[in-house]
Amino acid sequence: MAVEKTHAIELRHLRYFVAAAEHGSFRKASADTGIQHSAISRRIRDLEHRLGTPLFLRHSGGVCLTFAGQRFLPRARQTLRTFGDGTEEIAAIKRSDFGRVKIGIYLSIASGFLAELIGLYADRHPKVQIDLIEDNPADQAAAIRRMQLDAAFLTGQRTWRDCETLPLWSERVFAVLPRDHVLAGHGELEWQHLADENFIVNEAGPGQEIHDFLVQRLAAFGYHPQIRVHHIGRENLLPLVALNRGLTVVSEAMTAARFPGIAYRPIAGEVLPFSAVSSPKNDNPALRQLLDLARSLSGARETAAVTRPVLQIDVSAGSSQSPDRLQ
């Protein structure tokens, strides 16, 4: 029975007990806590009843602790301190003062929306650990469903089972070609210009998506592109373009990668949408803060795009112009 009584003790019992012990008076504890004197006296009697022993000796000048009260005081203080630390920690997590967010990526973060988003988030939440994980979209969506990944930033408008998709931004598509290629003299390319070209992609992501993208676009004009797959990373694919091993295509953010001997040329009318994919069951506060910031940044970019003048900028390796300023 004694154990059941102890479990019935409430935090307010402990707070009133500690206040009375520190002030040596129920009346002074009442003034300090803002709780009525009668309520403090009644709750301390409840506490003594639950513990089965007096905690205070009452006298005309106030109260003093019994031997049991002296032994109980440090434990009561520790309990309140532990609870206070716990609530502070939960509040800090809710504010995203610290925590961890695992982000799946499938594109370059050298520049563009995603680079800006991660930079802003890191500045605003410096104690949140940001883990970037590169994988193919299907595996990232599966990891999101298993709560092993908080969010993934993916191309296209596909919906993923048991996931929420938040459209955020879009990027132009650029052809990557040798600097001395005849098409490098064009300010903008049409798909017909690329119909007879050989292309290269890498085996890892997003090589397969680029392969399918090229086949789909050129098939619309009756062409079947020659595409060679290389078992290398993306960072080694562009130097192969400079060596005349074939052309490739990238999203606008990737044009921040500067390699000698290559040129980037936009493909007319081609725009890739990008979205954040996450689980509606994921209650990670750090993730919610990230998605809120992404929405805000996306809205700000849309507003700026309406008022920004259109500029024509040549994008070639070695150019002093920044790809981030492309329209």
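In strand β8, H230 is the residue that stands opposite N202. Residues are numbered from 1 along each chain as its sequence is written, and side-chain values use heavy atoms, with hydrogens and water left out. The model is a predicted one, in which local features need pLDDT of at least 70 and side-chain atom pairs count only at pLDDT 80 or more, whereas totals for chains, interfaces and linings use all residues.

Strand β7 (residues 198-202) and strand β8 (residues 226-230) pair in the parallel sense over 5 bridges, where pairing requires that DSSP finds at least two bridges between two strands. Helices (H or I, at least four residues) and strands (E, at least two) are DSSP runs, numbered from the N terminus. Strand β7 is largely enclosed by the rest of the structure, because 4 of its 5 residues are buried; buried means under 20% relative accessible area, with exposed over 50% and partly exposed in between, using a 1.4 Å probe and protein chains only.

Helix α8 (residues 207-219) holds F213, which counts as buried because its relative accessibility is 13%. Leaving aside residues up to four places away in sequence, F213 touches V173, W191, V249 and E270, a contact being heavy atoms within 4.5 Å.

A pocket is an open set of points on a 1 Å grid over the protein atoms alone, where a 1.4 Å probe fits, with protein on both sides within 12 Å along at least five of seven lines, and lining residues have an atom within 4 Å of a point. This pocket is lined by 26 residues, and T155, P206, E209, I210 and L272 lie nearest its centre. By class, its lining has 15 nonpolar, 7 polar and 4 charged residues.

Turning to the largest nonpolar core, L114, L117, F153, L168 and W169 touch the most other members among its 24 residues; such a core is a set of buried Ala, Val, Leu, Ile, Met, Phe, Trp, Tyr and Cys residues joined through side-chain atoms within 4.5 Å. Helix α10 (285-307) gives the most to this core, with 7 residues. The contacts of L168, not counting residues up to four places away in sequence, include F113, F153, F274 and A294.

Definitions and conventions. Nonpolar A, V, L, I, M, F, W, Y, C, P; charged D, E, K, R; others polar.
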